[in-house]
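My entries follow in the order in which I made them.

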Amino acid sequence: MVSSTSRVRERVISDISTWDSQSDHRTATPGDNQTSAWLADEIESVGLTALVDEFDFPRRTPVLCSIEIAGEKVEGVPFFDGGITGRWGTTTKLSPMSEGTGITVGEFLSTGGDPDTRLLMEQRTNPKVVGIVAISKMDSPGIGLLNADEYTAPYGVPVLQVDNKHKTWLLEAALKHRPATLNVHFNVNLVKAGNVQTIIKGKKPRALAPVVIMTPKSSWWTSTAERCGGITLWLEAMRHFAENQPWRSVIFTANTGHELGHVGLDHFIKANPSYLSEAHIWFHLGANFSAVGSQVRIQASCRQLLKMGKERFQPDSVTPFGQRPGGEARNIFDGGGAFFSILGSNRLFHHPSDRYPDNVDLEKTLTLRDEFIKFADTLANER
């Protein structure tokens, strides 16, 4: 039914290259809007109707984000769901993260979960702390950012994420409790953010519950290996079903707001609440499974889907049945919907160096593409 022919390979390479050529994909930025236009064009090119579903979004644009010590200033990227300083910043003594007073300095990983990152998150609400300088632990120059899961309800002290090339200078200053000025400030503007959607009507759209295929379309930086697998499989499935009408209707949604608490998916679910209980299955095409060296993981809402997924994708790991899943699948889990999710690991997660071709495993992407279309086709034609 499907195979990685030269034509498919060319399409997949084109999809990945197009994503990689676009600028910063953060929600409601020009790069995110460019992605919406591109995906809509791809939908229209196979004779389907594209909808860019826009909604009001308070975009936080960083300004005046730095740490200054004795006249030497380092700029960084703030937590988008954290606090802000006053216009003139906050000036007080530095301390190591383990002490947790004043402006505290420590390290973190974008993947979270390690002891340093857990301590950082705890210090956000420490009443003795007025600000945090968080040093990226990645070896490559640049900052591997943490997601802003509480974007709609920011909390805690201001946090500034900085490149690890400043590690020695900052940690030494913290040990000496040197005075410093932290600036974390945003401009907030109400703009339009948008999801991209289309629907392929099935042969029995009223008698059979629909299938939803979703993937995020926003991210930090370019994030090619993080996002291109989901985008590519989403587009390829859309092209497949446009040529091969299934028995069930298939709803495609590429959602913005991934890095900011899944605000785009929240909007989609709010606009279509019945899908949580009525959809035959939600496919979540998550992060990183196209990255070089990725450890592919699957997640599902029932043991039968996990069994089918293991046979189909031969994953490196499986999220235990009943455990709250990662990525956008958690929204479907929380709402009680049926889901199957595929995601992976990425050595350059949320880092500016996550680019094509260096961090993308094309052959793995093509293999997963073939297997996903077979799997989706099977479930979309269940009667």
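I applied the term to a side-chain nitrogen of Lys or Arg within 4 Å of a carboxyl oxygen of Asp or Glu. E107 lies in strand β5 (residues 102–108) and K167 in helix α4 (residues 167–175), so this pair ties together parts that are 60 residues apart in sequence. K167 counts as partly exposed, at 33% relative accessibility. In my entries, buried means under 20% relative accessible area, exposed over 50%, and partly exposed in between, with a 1.4 Å probe and protein chains only.

I note the basis of these entries: the model is predicted, local features need pLDDT of at least 70, side-chain atom pairs count only at pLDDT 80 or more, and totals for chains, interfaces and linings use all residues. Residues are numbered from 1 along each chain as its sequence is written, and side-chain values use heavy atoms, with hydrogens and water left out.

I then searched the whole structure and found 20 salt bridges. One of them joins the side chains of E236 and R11 at 2.7 Å, N to O. Because E236 lies in helix α5 (residues 224–243) and R11 in helix α1 (residues 6–21), the pair ties together parts 225 residues apart in sequence. E236 is buried at 1% relative accessibility, whereas R11 is partly exposed at 22%.

I next recorded R330 and D149, whose side chains form a salt bridge at 3.8 Å, N to O. This pair links distant parts of the chain, 181 residues apart: R330 is in helix α9 (residues 329–334), and D149 is in the loop between β6 (129–136) and β7 (159–162). R330 is buried, with a relative accessible area of 18%; D149 is partly exposed, with 37%.

My last entry concerns T253, which I placed in strand β10 (residues 250–255). T253 is buried, with a relative accessible area of 0%. Not counting residues up to four places away in sequence, T253 touches N195, V196, Q197, V212, I213, M214, T215, W234 and F268. I took contact to mean heavy atoms within 4.5 Å.

Terms used
Helices (H or I, at least four residues) and strands (E, at least two) are DSSP runs, numbered from the N terminus.
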